Amino acid sequence: MQVLVYGAGQLAQMMYLDGAPLGINVMAVDVNNNAVVHPVSKAPLNYTLEQAIELADALTVEFEHVPEALLEQAEASGKLHPGIDAILVGADRVREKQLLSSLAIPNCPYQIVDDLAQLDSCVENLGERLIIKASRDGYDGYGQWRLKAASELPALKSQLAELDLKAVPLVVEKMLNFDREVSLIGARSPGGEVVVYPLAENLHHEGQLHVSVAPASASTAALNEQARDIFTKLVNGMDYVGVLAVELFQCGDELLVNELAPRVHNSGHWSQAGSPTSQFENHLRAVLDLPLGLACNTGGEAAVSAMINIIGCDDHQMALLSVPGVHFHWYGKSVRQKRKMGHINVTASGYAELGSKLQKLSEYLS
Ligand code: ADP
Ligand code: MG
């Protein structure tokens, strides 16, 4: 079977690596020049985009910011999963908020702003601590501004004056004092079969994911149930096919949706080592309408796991392989500041053991 992925980065690469043992071949499209390439070597394959679309059993994306004309061409083949509407929801915070409201899914209080004068009413309605997000083309904390006090409003307005808010409105959110950030990754197949992974707890630094731990510690059955309920409402509401990632804020016992990613997600990379079926394999299974694999932790060796992003550094610290349960995943990219270069997965029999392994890793990595 053949799957064509729009985007030729690390997510397509990891889909390729997990598809191979199943006899599933993954091809990638470099969306900058429409070349069809090998997801690992990035070498051009001998197909035009049209030929690859024809050859593929399913088309999918590794990121949501694929040019819309390409998405429309993919959708027209009848083989794009998730469908174009779900991908565009993930690419546009306004559509995302509209979807959450229409499905009555709890999320952060917000206002949509297409004129800077409206920021005053945001302060009145949401309070003076705000997080302001461009509705499109933001990622890893880019395209975001913070207001910490009403007195900063004039300075913020002049900073934002350049933006064309009629074309790309802002989503202005109340700054939440959440207890922690968690995410739920799950998959849905065309027939409506759903599997969800345990909640992962995510630690960010300067807007970028650094560490995920799964299952999130102290996640009660009620919390997992709440997350599963949110996930099911979302995927059924969108008639979604594939892996969907849901980023959530935990405030006390309540989960609020932060954002959705219509694809495999950095906070699900732990599943390569900590779950019987990785998110990449389950995504391929879902888009090809194959039975989904176990996503839950079955206990035993990999009872808990963590993922640490390697950011802006390509120092291959092979000595870390001496820590039992450590797995490297390098993406083969040239080094740049703040660029995700790879990640390390580590498994352990419990949180205490995981903690001491993470301690060892941080000593090496710092
Ligand atoms: P992206 O991941 O696309 O850059 P997010 O909306 O997830 O954008 O925001 C990045 C990070 O900023 C979040 O992971 C969280 O740490 C913080 N953040 C986002 N929205 C809020 C909010 N309403 N209140 C407090 N912190 C927030
Ligand atoms: Mg995010």
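N34 lies in the loop between β2 (25-30) and β3, in a predicted model. Helices (H or I, at least four residues) and strands (E, at least two) are DSSP runs, numbered from the N terminus. The phi angle of N34 is near 60°, a positive value in a residue other than glycine. With a relative accessible area of 34%, N34 is partly exposed; buried means under 20% relative accessible area, exposed over 50%, and partly exposed in between (1.4 Å probe, protein chains only).

Residues are numbered from 1 along each chain as its sequence is written, chains are lettered from A, and ligands are numbered from 1 in the order in which they are written. Because the model is predicted, local features need pLDDT of at least 70 and side-chain atom pairs count only at pLDDT 80 or more, whereas totals for chains, interfaces and linings use all residues; side-chain values use heavy atoms, with hydrogens and water left out.

**Backbone geometry**

- D239 also has a positive phi, of about 50°, although it is not a glycine.
- The loop between α8 and β13 holds D239, which counts as exposed at 52% relative accessibility.
- A cis peptide bond runs from H81 to P82, with omega near -10°; P82 is in the loop between α3 and α4 (84-91).
- The peptide bond from A214 to P215 is cis too, with omega near -5°, and P215 sits in the loop between β12 (208-214) and α8 (221-238).

**Domains**

- The chain is assigned domain 1 (2-80), domain 2 (109-174) and domain 3 (180-365), with bounds that come from an automatic or database domain assignment.
- Between the C-alpha centres of domain 1 and domain 2 the distance is 35 Å.

- E247 is buried, with a relative accessible area of 15%, whereas E259 is partly exposed at 21%.

- Ligand 1 is surrounded by 20 residues, of which the closest are K133, G141, E181, N258 and E259; a residue is near a molecule or strand if one of its heavy atoms lies within 4 Å of it.
- By class, the shell around ligand 1 divides into 7 nonpolar, 4 polar and 9 charged residues.
- In this classification Ala, Val, Leu, Ile, Met, Phe, Trp, Tyr, Cys and Pro count as nonpolar, Asp, Glu, Lys and Arg as charged, and the others, Gly among them, as polar.
- Domain 2 (109-174) and domain 3 (180-365) each give at least three residues to the shell around ligand 1.
- A polar side-chain atom of Q144 lies 2.9 Å from an oxygen atom of ligand 1.
- For R146, the distance from a polar side-chain atom to an oxygen atom of ligand 1 is 3.5 Å.
- For N258, the corresponding distance to an oxygen atom of ligand 1 is 2.7 Å.
- Taken alone, ligand 1 exposes 540 Å², and the protein buries 92% of that; accessible areas come from the Shrake-Rupley method with a 1.4 Å probe, and for residues only the protein chains shown count as cover.
- Two or more residues of the shell around ligand 1 come from each of β6 (130-134), β7 (144-147), β8 (170-174), β13 and β14.

**Selected residues**

- R285 is in helix α10 (residues 279-287) and counts as buried at 18% relative accessibility.
- The side chains of R285 and E281 are joined by a polar contact of 2.6 Å, a polar contact being a pair of N or O atoms within 3.5 Å; within protein, one must be able to donate a hydrogen and the other to accept it, and residues adjacent in sequence count only if both atoms are side-chain atoms.
- L45 belongs to the loop between β3 (35-37) and α2 (49-55) and is partly exposed, with a relative accessible area of 28%.
- L45 and S212 are 167 residues apart in sequence and 35 Å apart in space, C-alpha to C-alpha.
- P67 occupies the loop between β4 (58-61) and α3 (68-76) and is partly exposed, with a relative accessible area of 37%.
- P67 and Y6 are 61 residues apart in sequence and 9.9 Å apart in space, C-alpha to C-alpha.
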